[in-house]
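Please look through the structure shown here with the sequence beside it.

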Amino acid sequence: MYHPIRSSKVFEQISAQIEQLIISGHLHNGDRLPTERDLADQFHASRTAVREAMKTLAQKGLVEMRPGRGTMVIDGTSQAMQHSLGLLLRLGPAGSEENLVEVREILEPEIAARAAERASQEHLTALQKAVASMDASLEDATPYIAADNAFHRTLAQATHNALLLTFVDSIVGLLSEQRTHVFSVPGGPARGQVHHKQILEAVRRHDPEAARAAMQAHLHQVRADVETALARREHSPH
(Lines give C-alpha, C1' and ligand atoms only; values in the text may rest on other atoms or scores of the structure.)
Protein backbone atom coordinates (compact mmCIF):
# COMPACT_ATOMS: atom_id res chain seq x y z
CA MET A 1 0.00 0.00 0.00
CA TYR A 2 2.96 2.32 0.61
CA HIS A 3 5.77 3.06 -1.86
CA PRO A 4 9.47 3.69 -1.19
CA ILE A 5 10.45 7.37 -1.13
CA ARG A 6 13.45 8.90 -2.90
CA SER A 7 13.63 12.64 -2.33
CA SER A 8 15.46 15.24 -0.28
CA LYS A 9 12.13 16.17 1.34
CA VAL A 10 11.21 12.68 2.34
CA PHE A 11 8.75 13.60 5.10
CA GLU A 12 6.66 15.69 2.68
CA GLN A 13 6.28 12.77 0.27
CA ILE A 14 5.42 10.41 3.09
CA SER A 15 2.70 12.75 4.33
CA ALA A 16 1.46 13.28 0.76
CA GLN A 17 1.10 9.52 0.20
CA ILE A 18 -0.82 9.00 3.41
CA GLU A 19 -2.96 12.07 2.76
CA GLN A 20 -3.89 10.70 -0.66
CA LEU A 21 -4.81 7.34 0.88
CA ILE A 22 -7.16 9.15 3.25
CA ILE A 23 -8.69 11.28 0.48
CA SER A 24 -9.18 8.24 -1.77
CA GLY A 25 -10.91 6.31 0.99
CA HIS A 26 -8.27 3.61 1.43
CA LEU A 27 -7.79 4.88 4.98
CA HIS A 28 -10.82 5.82 7.06
CA ASN A 29 -11.62 7.75 10.22
CA GLY A 30 -10.57 5.55 13.14
CA ASP A 31 -8.04 3.46 11.22
CA ARG A 32 -4.74 2.91 13.02
CA LEU A 33 -1.58 3.54 11.00
CA PRO A 34 1.37 1.11 11.19
CA THR A 35 3.99 1.83 13.82
CA GLU A 36 6.68 4.40 13.17
CA ARG A 37 9.21 1.59 12.67
CA ASP A 38 6.93 -0.28 10.22
CA LEU A 39 6.22 2.86 8.21
CA ALA A 40 9.92 3.64 8.03
CA ASP A 41 10.56 0.14 6.67
CA GLN A 42 7.73 0.37 4.10
CA PHE A 43 8.76 3.82 2.91
CA HIS A 44 12.49 2.96 3.00
CA ALA A 45 12.90 6.12 5.05
CA SER A 46 14.17 7.12 8.46
CA ARG A 47 11.97 7.13 11.53
CA THR A 48 12.71 10.85 11.85
CA ALA A 49 11.16 11.46 8.42
CA VAL A 50 8.10 9.41 9.39
CA ARG A 51 7.78 11.36 12.63
CA GLU A 52 7.88 14.69 10.77
CA ALA A 53 5.30 13.40 8.29
CA MET A 54 2.97 12.50 11.16
CA LYS A 55 3.35 15.99 12.59
CA THR A 56 2.42 17.48 9.21
CA LEU A 57 -0.66 15.28 8.93
CA ALA A 58 -1.66 16.10 12.50
CA GLN A 59 -1.46 19.84 11.76
CA LYS A 60 -3.86 19.28 8.86
CA GLY A 61 -6.28 17.47 11.15
CA LEU A 62 -5.89 14.16 9.31
CA VAL A 63 -4.29 12.07 12.07
CA GLU A 64 -3.92 12.13 15.82
CA MET A 65 -0.87 10.80 17.62
CA ARG A 66 -2.05 9.08 20.79
CA PRO A 67 0.61 8.05 23.32
CA GLY A 68 0.46 4.33 23.91
CA ARG A 69 -2.15 3.81 21.18
CA GLY A 70 -0.30 4.78 18.03
CA THR A 71 -1.41 7.15 15.28
CA MET A 72 -5.07 7.20 14.25
CA VAL A 73 -6.78 8.63 11.19
CA ILE A 74 -9.27 11.30 12.30
CA ASP A 75 -11.77 13.67 10.71
CA GLY A 76 -10.32 16.85 12.14
CA THR A 77 -9.75 19.00 9.06
CA SER A 78 -12.57 21.39 9.95
CA GLN A 79 -11.11 22.08 13.39
CA ALA A 80 -7.62 22.49 11.90
CA MET A 81 -8.95 25.05 9.41
CA GLN A 82 -10.78 26.91 12.16
CA HIS A 83 -7.61 27.14 14.22
CA SER A 84 -5.44 28.24 11.29
CA LEU A 85 -7.87 30.83 9.97
CA GLY A 86 -8.61 32.19 13.42
CA LEU A 87 -4.86 32.54 14.08
CA LEU A 88 -4.30 34.21 10.70
CA LEU A 89 -6.99 36.77 11.38
CA ARG A 90 -5.49 37.60 14.77
CA LEU A 91 -2.06 38.33 13.27
CA GLY A 92 -1.42 41.63 11.56
CA PRO A 93 -3.88 43.83 9.64
CA ALA A 94 -5.98 40.91 8.34
CA GLY A 95 -7.84 40.77 11.64
CA SER A 96 -8.58 44.49 11.94
CA GLU A 97 -12.02 45.58 13.07
CA GLU A 98 -12.65 47.24 9.70
CA ASN A 99 -11.77 44.07 7.77
CA LEU A 100 -13.91 41.91 10.03
CA VAL A 101 -16.95 44.15 9.62
CA GLU A 102 -16.44 44.23 5.86
CA VAL A 103 -16.19 40.43 5.64
CA ARG A 104 -19.38 40.15 7.66
CA GLU A 105 -21.13 42.63 5.36
CA ILE A 106 -20.15 40.51 2.36
CA LEU A 107 -21.10 37.11 3.79
CA GLU A 108 -23.75 37.37 6.46
CA PRO A 109 -26.60 38.90 4.41
CA GLU A 110 -26.33 35.91 2.05
CA ILE A 111 -26.10 33.52 5.00
CA ALA A 112 -29.31 35.02 6.35
CA ALA A 113 -31.01 34.76 2.95
CA ARG A 114 -30.10 31.11 2.52
CA ALA A 115 -31.09 30.38 6.10
CA ALA A 116 -34.51 31.83 5.32
CA GLU A 117 -34.82 29.43 2.40
CA ARG A 118 -33.57 26.33 4.19
CA ALA A 119 -34.14 26.67 7.94
CA SER A 120 -35.91 23.80 9.70
CA GLN A 121 -38.15 24.10 12.74
CA GLU A 122 -35.17 23.03 14.82
CA HIS A 123 -33.18 26.00 13.55
CA LEU A 124 -36.08 28.36 14.21
CA THR A 125 -36.39 27.07 17.76
CA ALA A 126 -32.67 27.64 18.35
CA LEU A 127 -32.87 31.17 16.93
CA GLN A 128 -35.86 31.98 19.14
CA LYS A 129 -34.00 30.65 22.18
CA ALA A 130 -30.98 32.82 21.38
CA VAL A 131 -33.13 35.93 20.99
CA ALA A 132 -34.88 35.21 24.30
CA SER A 133 -31.51 34.78 26.01
CA MET A 134 -30.30 38.11 24.65
CA ASP A 135 -33.52 39.80 25.81
CA ALA A 136 -32.86 38.49 29.31
CA SER A 137 -29.20 39.62 29.28
CA LEU A 138 -29.27 43.20 28.01
CA GLU A 139 -27.25 44.29 31.05
CA ASP A 140 -24.93 41.26 31.24
CA ALA A 141 -22.30 40.99 28.52
CA THR A 142 -21.20 37.37 28.95
CA PRO A 143 -24.54 35.58 28.42
CA TYR A 144 -25.64 38.16 25.85
CA ILE A 145 -22.55 37.63 23.70
CA ALA A 146 -22.80 33.84 24.04
CA ALA A 147 -26.39 33.99 22.80
CA ASP A 148 -25.40 36.42 20.03
CA ASN A 149 -22.74 33.95 18.87
CA ALA A 150 -25.30 31.13 18.98
CA PHE A 151 -27.79 33.17 16.92
CA HIS A 152 -25.35 33.82 14.08
CA ARG A 153 -23.94 30.29 14.22
CA THR A 154 -27.46 28.86 13.91
CA LEU A 155 -28.05 30.96 10.80
CA ALA A 156 -24.89 29.45 9.30
CA GLN A 157 -26.08 25.96 10.29
CA ALA A 158 -29.42 26.63 8.64
CA THR A 159 -27.74 27.19 5.26
CA HIS A 160 -26.73 23.48 5.27
CA ASN A 161 -23.35 24.63 3.91
CA ALA A 162 -20.56 23.12 5.98
CA LEU A 163 -17.95 25.57 4.65
CA LEU A 164 -19.95 28.57 5.79
CA LEU A 165 -20.37 27.05 9.23
CA THR A 166 -16.65 26.27 9.44
CA PHE A 167 -15.80 29.85 8.52
CA VAL A 168 -18.17 31.29 11.12
CA ASP A 169 -16.75 28.93 13.74
CA SER A 170 -13.20 29.95 12.83
CA ILE A 171 -13.82 33.63 13.61
CA VAL A 172 -16.06 33.21 16.66
CA GLY A 173 -13.29 34.49 18.94
CA LEU A 174 -12.91 37.67 16.90
CA LEU A 175 -16.69 38.06 16.72
CA SER A 176 -16.90 37.79 20.50
CA GLU A 177 -14.36 40.60 20.84
CA GLN A 178 -16.27 42.73 18.35
CA ARG A 179 -19.54 42.07 20.17
CA THR A 180 -17.89 43.11 23.42
CA HIS A 181 -17.14 46.48 21.82
CA VAL A 182 -20.74 46.82 20.64
CA PHE A 183 -22.03 45.88 24.09
CA SER A 184 -19.98 48.71 25.62
CA VAL A 185 -21.79 51.33 23.53
CA PRO A 186 -24.88 52.70 25.29
CA GLY A 187 -27.96 51.18 23.67
CA GLY A 188 -25.87 48.82 21.52
CA PRO A 189 -27.37 45.55 22.78
CA ALA A 190 -30.94 46.87 22.51
CA ARG A 191 -30.34 48.12 18.97
CA GLY A 192 -28.89 44.75 18.08
CA GLN A 193 -31.98 43.03 19.39
CA VAL A 194 -34.24 45.05 17.12
CA HIS A 195 -32.34 43.67 14.15
CA HIS A 196 -32.06 40.13 15.53
CA LYS A 197 -35.84 39.99 15.86
CA GLN A 198 -36.31 41.28 12.32
CA ILE A 199 -33.90 38.64 11.00
CA LEU A 200 -35.68 35.94 13.00
CA GLU A 201 -39.08 36.99 11.67
CA ALA A 202 -37.82 36.98 8.07
CA VAL A 203 -36.30 33.51 8.51
CA ARG A 204 -39.51 32.30 10.18
CA ARG A 205 -41.49 33.51 7.12
CA HIS A 206 -38.90 31.91 4.81
CA ASP A 207 -38.43 35.30 3.14
CA PRO A 208 -34.82 35.51 1.86
CA GLU A 209 -35.06 39.10 0.61
CA ALA A 210 -36.31 40.35 3.96
CA ALA A 211 -33.66 38.31 5.80
CA ARG A 212 -30.92 39.75 3.61
CA ALA A 213 -32.14 43.31 4.15
CA ALA A 214 -32.52 42.79 7.90
CA MET A 215 -28.97 41.47 8.19
CA GLN A 216 -27.61 44.35 6.12
CA ALA A 217 -29.33 46.79 8.47
CA HIS A 218 -27.95 44.93 11.48
CA LEU A 219 -24.38 45.06 10.17
CA HIS A 220 -24.75 48.76 9.37
CA GLN A 221 -25.63 49.21 13.07
CA VAL A 222 -22.69 47.01 14.09
CA ARG A 223 -20.29 49.07 11.99
CA ALA A 224 -21.52 52.32 13.55
CA ASP A 225 -21.33 50.95 17.11
CA VAL A 226 -17.86 49.47 16.58
CA GLU A 227 -16.62 52.83 15.26
CA THR A 228 -18.13 54.55 18.29
CA ALA A 229 -16.54 52.06 20.69
CA LEU A 230 -13.11 52.37 19.09
CA ALA A 231 -13.30 56.17 19.06
CA ARG A 232 -14.19 56.19 22.76
CA ARG A 233 -11.30 53.83 23.49
CA GLU A 234 -8.83 56.03 21.60
CA HIS A 235 -9.88 59.12 23.56
CA SER A 236 -10.08 57.48 26.96
CA PRO A 237 -7.22 58.28 29.41
CA HIS A 238 -4.58 55.52 29.67
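A crossing of two helices is called left-handed if the near helix is turned anticlockwise from the far one by less than a right angle, and right-handed if clockwise. This is a predicted model, in which local features need pLDDT of at least 70 and side-chain atom pairs count only at pLDDT 80 or more, while totals for chains, interfaces and linings use all residues. Residues are numbered from 1 along each chain as its sequence is written, and side-chain values use heavy atoms, with hydrogens and water left out.

Two packed helices are described by the angle between their axes and the distance between the axes. Here the axes are lines fitted to C-alpha atoms, for helices over the stretch in contact, and the angles run from 0 to 180 degrees between N-to-C directions. The helices themselves (H or I, at least four residues) are DSSP runs numbered from the N terminus, as are strands (E, at least two). For α6 and α7, the axes come within 8 Å and cross at roughly 160°, and the crossing is left-handed. The two helices are therefore roughly antiparallel to each other, given that angles under 35 degrees count as roughly parallel, over 145 as roughly antiparallel, 65 to 115 as roughly perpendicular and the rest as oblique.

Contact means heavy atoms within 4.5 Å. On the α6 side, the residues that meet α7 include His123, Leu127, Val131 and Met134, and their partners in α7 include Tyr144, Asp148, Phe151 and Leu155. By class, this contact of α6 with α7 has 10 nonpolar, four polar and one charged residues, where Ala, Val, Leu, Ile, Met, Phe, Trp, Tyr, Cys and Pro count as nonpolar, Asp, Glu, Lys and Arg as charged, and the others, Gly among them, as polar.

Aspartate 148, found in helix α7, counts as buried at 6% relative accessibility; buried means under 20% relative accessible area, exposed over 50%, and partly exposed in between (1.4 Å probe, protein chains only). Not counting residues up to four places away in sequence, aspartate 148 touches Met134, Arg179 and His196.

Arg153, Ala156 and Gln157 in α7 meet Leu164, Leu165, Val168 and Asp169 in α8, a contact with four nonpolar, one polar and two charged residues. In the loop between α7 and α8 lies histidine 160, whose phi is near 60°, a positive value in a residue other than glycine; histidine 160 is exposed, with a relative accessible area of 57%. Histidine 206, in the loop between α10 and α11, has a phi near 55°, again a positive value in a residue other than glycine, and is partly exposed, with a relative accessible area of 40%.

In soluble globular proteins, nonpolar side chains tend to be buried together. A nonpolar core is taken here as a set of buried Ala, Val, Leu, Ile, Met, Phe, Trp, Tyr and Cys residues joined through side-chain atoms within 4.5 Å. The largest nonpolar core has 32 residues, of which Phe151, Leu155, Ile199 and Val203 touch the most other members. Two or more residues of this core come from each of α5 (97–118), α6 (121–135), α7 (141–158), α8 (162–170), α9 (172–184), α10 (188–204) and α11 (208–235), and α11 gives the most, with seven residues. Leaving aside its neighbours within four places in sequence, isoleucine 199 is in contact with Phe151, Leu155, Ala214, Met215 and His218. A second, separate core of 20 residues includes Ile14, Ile22, Ala45 and Val50.

Turning to α1 (residues 10–23) and α3 (residues 47–59), these helices pack at an angle of about 55°, with their axes 8 Å apart, which makes α1 oblique to α3. The crossing in which α1 passes α3 is right-handed. Among the residues of α1 that meet α3 are Phe11, Ile14 and Ile18, and among those of α3 that meet α1 are Val50, Ala53 and Leu57. The residues of this contact divide into nine nonpolar, two polar and two charged.

Alanine 16, which also lies in helix α1, is partly exposed, with a relative accessible area of 43%. Alanine 16 and leucine 230 are 214 residues apart in sequence and 46 Å apart in space, C-alpha to C-alpha.
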